[in-house]
Amino acid sequence: MKWLYILAGIALFIKMLVIPNPAPDLSISIVESVVRDSGVPNAVSGIIFRNRLYDTIYEVVVFTIAILGANFLLANERPSCTIYQFTDQPSIVLARLGATIAALVGIELAIRGHLSPGGGFAAGVAGGTAIGLVAITSSSEWMQALYKRWHAATWEKISVLIFIVLAVITLAGVELPHGELGALVSGGVVPLLNILVAIKVALGSWAVILVFIRYRGLL
């Protein structure tokens, strides 16, 4: 059987070398077409939240399942007795300064991700980085209490549900007005989807960080 796979691979390789691919029709710019259809200058956001929105829904769902899986797999383990954190004052100051910068960058990427490089996933990663930097300089009990006080788990689930509802409505062909290209309030539903993804990724990262601190003692 393996010889059949080898022969098929050789045949495919020869096909790519001998038979040329047809030249694409470049009479129109693909980037300009995406920008025109989505109403946002950032063509990447237009592709993720419009042209490939069906895939993006499942990317968000997969991230949600990964968080549930981390909680499930570590649920039967004993919490760690030793939690490693920064204790020297210079490291604490630098970590919290970095957390502040990362949080501001995350907010900017979430709000303006449809206008410039960035977007919901990058904003969520920046927010999760900020939370991680705070976590390694603060007590785990305080972080857990803060997570419960602000109902972060509930808001994470709500953001996923709203994202799915808006995505289904968009896939059904109902779109908000695009507005003026390049304006902050423009692009129809794309900015809302950006913000929802940023909230989801940041709060999901917070949940995973708490789980690993509790059961592993480190990030």
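Predicted model: local features only at pLDDT ≥ 70, side-chain atom pairs only at ≥ 80, totals over all residues.

Me: How is the packing of two helices described?

Reply: Two packed helices are described by the angle between their axes and by the distance between those axes. Here helix α4, residues 53–74, packs with helix α9, residues 190–216, at an angle of about 15°, and their axes lie 10 Å apart. Because angles under 35 degrees count as roughly parallel, α4 and α9 are roughly parallel to each other, and their crossing is left-handed.

Me: Which residues in α4 meet α9, and how do the residues of the contact divide by class?

Reply: From α4 the contact takes in L53, V60, F63, T64, I67, A70, N71 and L74, while the residues they meet in α9 include L193, V197, V201, V208 and Y215. By class, the residues of this contact comprise 13 nonpolar, four polar and two charged.

Me: At what angle do α2 and α3 pack?

Reply: Helix α2 (residues 30–38) and helix α3 (residues 43–51) pack at about 60°, with their axes 9 Å apart. That angle makes α2 oblique to α3, and the crossing of the two is left-handed. In this contact V31, V34, V35, D37 and S38 of α2 meet A43, G46, I47, R50 and N51 of α3, a set that divides into five nonpolar, three polar and two charged residues.

Me: How many cavities of 30 Å³ or more does a search of the whole structure find?

Reply: The search finds one. The largest cavity has a volume of about 60 Å³, and among the residues lining it are S38, R50, E175, H178 and V190. Its lining has four nonpolar, five polar and two charged residues.

Definitions and conventions
Residues numbered from 1 in each chain as written. Heavy atoms only, no water. 1 Å grid on protein atoms, 1.4 Å probe; cavity = no way out; pocket = protein on both sides within 12 Å on 5 of 7 lines; lining within 4 Å. Points joined across faces, edges and corners; volume = space filled by probe spheres on them. Nonpolar A, V, L, I, M, F, W, Y, C, P; charged D, E, K, R; others polar. Axes fitted to C-alpha atoms, helices over the stretch in contact; angles between N-to-C directions. Helix = DSSP H or I, 4+ residues; strand = E, 2+ residues; numbered from the N terminus. Parallel < 35°, antiparallel > 145°, perpendicular 65-115°, else oblique. Left-handed = near helix turned anticlockwise from the far one by under 90°. Contact = heavy atoms within 4.5 Å.
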